[in-house]
Amino acid sequence: MSQDCFLNSKDGKNCGSSRGLSGLVRLSECNDEVKNHLISCHLSKEVLSENELILARTGLFHLAQEDKQKMWICYRHRHTLGKFWRSTKVTCQYPGHVGVRKRIQGRDVITFHMSQDIQKLFGVIIPVGSGSLQ
């Protein structure tokens, strides 16, 4: 049985290696500590596992454990969506804001629940940790 990264060509980026690691790993086995990463993204109140964080940043919220067991992820996607993710946007990402996008000045970011609500309301995936104006 051959496995593929569940994000293979979905995000326009090629699968591959990262930080000297290559191959695939089950999504359910992505359990590295992400507490410090969440703190660095101003998400200290969030309680997420590494695989929940990866799924949230791809717009898949509350996936069942048996589904995670069936999914594989390459190290490149694991790292770029997990604990080594960095927001590339410097303007507010909330789709309801009209007018000129303003540069983010504060530490307000899109939380897990905000990302989930934005996807439900607007059909847009804004990664957890992206900047916002409140």
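How many of the eight residues of helix α2 (residues 50–57) are buried? The legends below begin with this helix in the predicted model and then turn to other close-up views.

Figure 1. Helix α2, spanning residues 50–57, is mostly covered, with seven of its eight residues buried. The buried positions are Glu50, Asn51, Leu53, Ile54, Leu55, Ala56 and Arg57. Just after the helix, glycine 59 adopts a positive phi of about 90°.

Figure 2. The model contains three salt bridges. In one of them, glutamate 50 pairs with arginine 78, and the closest N and O atoms are 2.9 Å apart. This pair links distant parts of the chain, since glutamate 50 belongs to helix α2 and arginine 78 to helix α4, 28 residues apart. Both glutamate 50 and arginine 78 are buried. Through shared partners, the salt bridges join Asp32, Glu50, Arg78 and Lys83 into one network.

**Figure 3. Aspartate 32 and its two salt-bridge partners, arginine 78 and lysine 83.** The side chain of aspartate 32 meets that of arginine 78 in a salt bridge with an N to O distance of 3.4 Å. The two residues lie 46 apart in the chain, aspartate 32 in the loop between β1 and α1 and arginine 78 in helix α4. A salt bridge of 3.2 Å, N to O, joins the side chains of lysine 83 and aspartate 32. Here the separation is 51 residues, with lysine 83 placed in the loop between α4 and α5 and aspartate 32 in the loop between β1 and α1. Aspartate 32 is classed as partly exposed because its relative accessibility is 31%. Lysine 83 is likewise partly exposed, with a relative accessible area of 24%.

**Figure 4. Histidine 79 in helix α4.** Histidine 79 has a relative accessible area of 7% and is therefore buried. A polar contact of 2.8 Å connects its side chain to the side chain of serine 18. Which residues does histidine 79 touch, not counting those up to four places away in sequence? The set consists of Ser18, Arg19, Leu21, Phe84 and Trp85.

**Figure 5. Positive phi angles at arginine 19 and histidine 62.** Most residues other than glycine have a negative phi. Arginine 19, in the segment before β1 (24–26), has a positive phi near 55°. Its relative accessibility of 60% places arginine 19 among the exposed residues. Histidine 62, in the loop between α2 and α3, also has a phi near 55°, a positive value in a residue other than glycine. With 61% relative accessibility, histidine 62 counts as exposed, because the value is over 50%.

**Figure 6. A nonpolar surface patch formed by Leu121, Phe122 and Val124.** Together, the three residues have about 270 Å² of accessible area. Leucine 121 is found in helix α5. With a relative accessible area of 63%, leucine 121 is exposed.

**Figure 7. The protein chain as a whole, for orientation among the close-up views.** The secondary structure comprises five helices and two strands. Along the sequence, these elements follow the pattern β-α-α-α-β-α-α. Of the 134 residues, 39% count as buried. The chain exposes about 8,200 Å², and carbon and sulfur atoms supply 49% of that area. Among contacts between residues at least 6 apart in sequence, 67% join residues at least 24 apart.

Conventions
Residues are numbered from 1 along each chain as its sequence is written. This is a predicted model: local features need pLDDT of at least 70, side-chain atom pairs count only at pLDDT 80 or more; totals for chains, interfaces and linings use all residues. Side-chain values use heavy atoms; hydrogens and water are left out. Buried means under 20% relative accessible area, exposed over 50%, partly exposed in between (1.4 Å probe, protein chains only). Helices (H or I, at least four residues) and strands (E, at least two) are DSSP runs, numbered from the N terminus. Contact means heavy atoms within 4.5 Å. Accessible areas come from the Shrake-Rupley method with a 1.4 Å probe; for residues, only the protein chains shown count as cover. A polar contact is a pair of N or O atoms within 3.5 Å; within protein, one must be able to donate a hydrogen and the other to accept it, and residues adjacent in sequence count only if both atoms are side-chain atoms. Patches are made of residues with over 30% relative accessible area and no salt bridge: like charges are joined within 9 Å, nonpolar side chains (Val, Leu, Ile, Met, Phe, Trp, Tyr) within 5 Å. A salt bridge is a side-chain nitrogen of Lys or Arg within 4 Å of a carboxyl oxygen of Asp or Glu.
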